[in-house]
Amino acid sequence: MDKKDGLGKGKFRNNAWLLAVLIGFCILAIIEIVYGQAQLRMERERLALAEENNQAVQELKDEWNNLKGEPSVGSGSVEAVGEEQSVSEQPEKTLINTDEPAVESSESSPTEEDDRHYDMQIVFMGDSILDSDRDNAGVPALIGEGCNAKIYNMAIGGTTAAVMYDETREFDRWESTSLVGIVNAIVGNISPEIFDKYEAGKVLKECDFSQTDYFVIEYGLNDFLCGKVPQSKYWPEGEELDISAICTYVGAVEYAVNTLRTHFPNAKIFVFLPHYCQFFDGEKYLGDSYTVNKGYGTLLDFSRCLQSVLTANYREYVMCYDTIEYSGIDAYTADEYLEDGIHLSEAGRRSYAEHAVYRILADFYPEE
């Protein structure tokens, strides 16, 4: 009898314990449900308040625009006031975030009023790597932002550093929009009119180049890709090509460095070497900077040849950015950092600009 009573009491204790556990779980579930509903209600209230704030901000913007007599952003077509508007190739400015004040592009037109204080002035010369994305996400704008620099972007997509062999090289009949042409226009050797249809033409008319702290030179991809531009007039075997030096990649950059140095001795020159690329024929992968040869060596050969010449002869006032080594763009990051194997994605542009900013700031503020 006592044994049965003991078993009965044991079962009762077990059942009571299980019941207590179940009750505890139920209480926790109820608490979680109540807490979740409270959070959901708070989120709805927050969203409703944010919407009210947005509406109030927009009403204030509209009222301010009406007081100024100007159309509000995104209001459709804009009619000229007092005179007929000319058709502009410049894209309209857009707001990065409509909940915050508009951020004006660091690469604003040189003709616009700009009373911001800058620490330095940087002039960029290059191809589509610098010419594309002429807004806050472009390489020059990112470098300008990181260095608090006034920037002037003279890059022209599709151009080479070298003058093509069949292009006229007489100043009075000049036609090349290459790096050599840009530099000759800057120092007044040629008429700037050939650049009028490019953004570079506007910069030529507005920039005071004597105030420049850094001239950035970024070329090489088109020199390599066209298959018509030798790396250098001088070959390792001692052979010398029967060609003008400015019709070669290294010779053109040397000409630019020497000319800029002569006219602007207080400015530093920062040369960006070609970055890592991958090359395709449609969907077919052909190779990369280390393997593809268009007739005058690989893209890596172009980069290393220029780097060795600049390091040997111009170390005092020329800085080199070895983008293959320091930009973070390589075979492992190509899918993220390159859009088509060559041009930079937004992430690629930021990674590319980061080291350049570091180098410029370290040079401009050496004591820090």
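**View 1. Strand 2 and its two sides.** Ala-149, Ile-151 and Asn-153 point one way from strand 2, while Lys-150 and Tyr-152 point the other way, and all are buried. Here, buried means under 20% relative accessible area, exposed means over 50%, and partly exposed is in between (1.4 Å probe, protein chains only). In a regular strand, side chains alternate between the two faces of the sheet. Because 5 of the 5 residues of strand 2 (residues 149–153) are buried, the strand is largely enclosed by the rest of the structure. Helices (H or I, at least four residues) and strands (E, at least two) are DSSP runs, numbered from the N terminus.

Please keep in mind that this is a predicted model: local features need pLDDT of at least 70, side-chain atom pairs count only at pLDDT 80 or more, and totals for chains, interfaces and linings use all residues. Residues are numbered from 1 along each chain as its sequence is written, and side-chain values use heavy atoms, with hydrogens and water left out.

**View 2. Strand 1 beside strand 2.** Strand 1 (residues 120–126) pairs with strand 2 in the parallel sense over 5 bridges; two strands pair if DSSP finds at least two bridges between them. Look for Val-123, whose bridge partner in strand 2 is Tyr-152.

**View 3. Phe-209 in its loop.** Phe-209 sits in the loop between helix 5 (199–206) and strand 3 (214–218). With a relative accessible area of 7%, Phe-209 is buried. Leaving aside neighbours within four places in sequence, its contacts (heavy atoms within 4.5 Å) include Gln-121, Val-123, Met-154 and Phe-264.

**View 4. Helix 4 meets helix 7.** The axes of helix 4 (residues 179–186) and helix 7 (residues 249–263) come within 9 Å and cross at roughly 15 degrees. The contact is made by residues including Leu-179 and Val-183 of helix 4 and Ala-252 and Leu-260 of helix 7. Axes are lines fitted to C-alpha atoms, for helices over the stretch in contact, with angles from 0 to 180 degrees between N-to-C directions.

**View 5. Asp-363 in helix 11.** You will find Asp-363 in helix 11 (residues 346–364). At 24% relative accessibility, Asp-363 counts as partly exposed. Not counting residues up to four places away in sequence, Asp-363 touches Tyr-214, Lys-268 and Met-319. The C-alpha atoms of Asp-363 and Met-319 are 9.4 Å apart, although 44 residues separate them along the chain.
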